[in-house]
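Welcome, and please have a look at the model below. We will walk through its open spaces, its cores and a few of its sheets.

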Amino acid sequence: MPRHHDRVWVWELPAPPAALWPYLSDTARFNEAAGTPRYAVEEVTQPDGSVKRKASARYKGVTVEWDDPPFEWVAEREFRQRRVFRRGPLQYLAPSLKLEATADGGSRITYRLSGAPRGVTGHLLFASGVLDKIGKGLEDMIRHAGAFVDGQTEQPFAYTPPAASPEQKQRLASMAQQIAHTPYAHGLGERLAEHIETAQEVDLVRIRPRKLARDWQVPLRHAVELCLEATRVGMLGLSWNLLCPRCGGAKAGAASLDQLPRQAHCPSCNISYDGNFTRNIEISFSPAPSIRSIAEGEFCMGGPHVSRHILVQQILQPGEQRLTAATLPAGEYRLRTLEPGGECLVQHEGGAFPAVIAETATTPDFAIRSEPGQTIGGIVFHNRTARELTFVIETRNWLRDALTAHEVTTMQAFRDLLPSQVLRAGEDVGIDNVTLMFTDLEGSTALYERLGDGAAYRLVRRHFAFLAATIRDHDGALVKTIGDAVMAAFATPEQAVRAALEIRDRIGGFNAEYREETAAEGRAIDAAIVLKMGLHGGRCIAVNLNERLDYFGSTVNLAARLQGRCRGGEVILSENLAADPAVTPLLQDRELRHEAAELKGFDQSIPFVRLLA
């Protein structure tokens, strides 16, 4: 009776490798759809600082334990893993998948599965034809993924969700109706309810609005507001996550900002790191347990799907040199290992990719460096150390799907729907870059004298609503009103400038509409709101003030001072803000003037750009 078994299956599909890779490499999604049970993982730090994963699960009454090493892969080409079992009917199991382009633009898919039985149960398992059954299941799933890529099915893999109870269905339908009657639904309430009821658990355990918006092809703000409103009504729960800057995993989290720890430890990378509001604190969502319960455990922890920013990952033994077939586009890459150690950045200009070399060093234990590449279509790895290392080549967009705390807290819906989400008392958080806008009325005293307090107050309140709506449309948040003035915050410079320009361009229509309405009501009020606006962006701190998030620092002061230099109908931008690459095109064909002035609280003259009325 053979001790080792090796089977190979080959299929061809019309879709190209790049289109199939996101689904065939999503091993967690694949395993869940195949009915594989979740497993528990213990991450054990080794004396050399590396981390070993020990996994365990029960399958059809049998307890199985194994070492769960990292996958190796080249994005859009191949992946492989070898699991060594400590308990159960198998000695080892090694799956691998390879994608090759065919002459007609399609894909040739080669799937290999190697394994060895342990004991009588293992031998009986292989003798029962289990590999043939696995092969048939693989073919069905891979062809289903191909049909999905071709637009013939709605899901990458055939999947039957757990049956919801009548009470769960009723709660979900009721909440969807509540959401539908709010300005934050955008016609997506029922779609979200269906998604929660039918999607795979891998799509629900961490709902990320940025990915949801991309998958549904809707504006990001619509997806964010939908999730926030669903949280308010109890359909979703939210989590603030501290993302590891190496692997991107969520290694610490809390349901409220004031409970979020400032530091976390990533057991996978064996590093400790700080939370940063702008860079690695994200908000995500998951179904409320009363709607759909998500089980604990992993379907697959280390596959390529976990780290899409990693394009190549290879395990090399001490002293090993390897040429790996891979072609990477021009761009900046970080070279490192999964094990704690050195790293380096390379700017790849195309052609032969630099060789990646690990060498013994004093601190850290080994260093990573690169040498000019010699082989086009291949990457050379050198492990010149006395230990096994897992080499990584990654892009810098590991936050591609993360909606950061800075981004969501500068959105109006967050402040409207979740006002209790604030920092802990006495805490301040550094913000790397926020763009602030201050507005004020020109001649407000004369306006009150002319109209009387009541009429003037109603007009001012209406202008607040106009500003808030426009700020929200540009993904900003109205932080506070100060008398007749407004302070607003935006995550990016272009959002703020677009909002300011739209406010200035539409204020005449706002005034005309107000005059027409008051005339129709028999109380014609011939009055106009004239605004002055100042904008500046930079670093500041976020704090709690009057139970709301607020901003303080020199960036805030400068934006306010610039507004103070305005005349009616003008917008003033700091010179740095006006020079931002995303802002410069917005100012074309606008009448503007470069100036400088001494402003209170600043030692030097401040240059700025005045957009004339």
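How do the residues of the lining of the second largest pocket divide into nonpolar, polar and charged? This is a predicted model, and in it that lining holds 29 nonpolar, eight polar and four charged residues.

## The second largest pocket

The space in this pocket comes to about 1500 Å³. It is lined by 41 residues, and those closest to the pocket's centre are Thr-36, Tyr-59, Leu-90, Leu-93 and Ile-134.

Which helix or strand gives the most to the lining of the second largest pocket? That is H4, with eight residues.

## Overall picture

Stepping back, the protein has 16 helices and 30 strands. Its C-alpha trace spans about 100 × 60 × 55 Å along the principal axes. Of its 613 residues, 51% count as buried.

## Nonpolar cores

The largest nonpolar core has 70 residues, and the members that touch the most others are Leu-228, Met-235, Trp-240 and Tyr-551. Helix H9 (residues 220-233) contributes the largest share of this core, with seven residues. Another core lies apart from it and has 41 residues, among them Leu-447, Ile-525, Leu-577 and Val-609.

## An antiparallel sheet of three strands

Here is an open sheet whose three strands follow the order S11-S10-S14, with antiparallel pairing. Why is one side of S11 and of S14 left without a neighbour in the sheet? Strand S11 (250-254) and strand S14 (281-287) are at the edges and have a single partner strand each, so one side of each has no neighbour there. From one strand to the next, the twist averages 40°.

Strand S10 (residues 236-243) is joined to S14 by seven bridges, and the two run antiparallel.

## A mixed sheet of four strands

Another open sheet has four strands in the order S16-S21-S19-S20, and its pairing is mixed. Strand S16 (321-325) and strand S20 (366-371) are its edge strands, each pairing on one side only. With direction ignored, neighbouring strands of this sheet are turned by 20° against each other on average.

Six bridges connect strand S19 (residues 355-360) with S20, and this pair runs antiparallel. Within it, Ile-357 has Arg-369 of S20 as its bridge partner.

Is strand S17 (residues 331-337) largely enclosed or left open by the rest of the structure? Six of its seven residues are buried, so S17 is largely enclosed.

S17 runs antiparallel to strand S18 (residues 344-348), with five bridges joining them. A hairpin of six residues leads from S17 to S18, and Tyr-333 has Val-346 in S18 as its bridge partner. S17 also runs antiparallel to strand S22 (residues 389-394), joined to it by four bridges. In that pairing, Thr-337 stands opposite Phe-391 of S22.

A probe the size of a water molecule, rolled over the atoms, shows where empty space is left. How many cavities of 30 Å³ or more does the structure hold? There is one, and about 50 Å³ of space lies in this largest cavity.

Its lining is made up of Phe-414, Arg-415, Leu-418, Pro-419, Gln-421, Val-422, Arg-548 and Leu-549. Helix H11 (412-417) and strand S27 (548-552) each supply at least two of the lining residues. By type, the lining has five nonpolar residues, one polar and two charged.

## A buried arginine

Arg-472 belongs to helix H13 (residues 453-473). Does Arg-472 count as buried or exposed? Its relative accessibility is 17%, and the cut-off for buried is under 20%, so Arg-472 counts as buried. The C-alpha atoms of Arg-472 and Ile-393 are separated by 39 Å, and the two residues are 79 residues apart along the chain.

Notes:
Residues numbered from 1 in each chain as written. Predicted model: local features only at pLDDT ≥ 70, side-chain atom pairs only at ≥ 80, totals over all residues. Heavy atoms only, no water. 1 Å grid on protein atoms, 1.4 Å probe; cavity = no way out; pocket = protein on both sides within 12 Å on 5 of 7 lines; lining within 4 Å. Points joined across faces, edges and corners; volume = space filled by probe spheres on them. Nonpolar A, V, L, I, M, F, W, Y, C, P; charged D, E, K, R; others polar. Core = buried A, V, L, I, M, F, W, Y, C linked by side-chain atoms within 4.5 Å. Buried < 20%, exposed > 50% of the residue type's maximum accessible area, 1.4 Å probe, protein only. Pairing = 2+ DSSP bridges. Axes fitted to C-alpha atoms, helices over the stretch in contact; angles between N-to-C directions.
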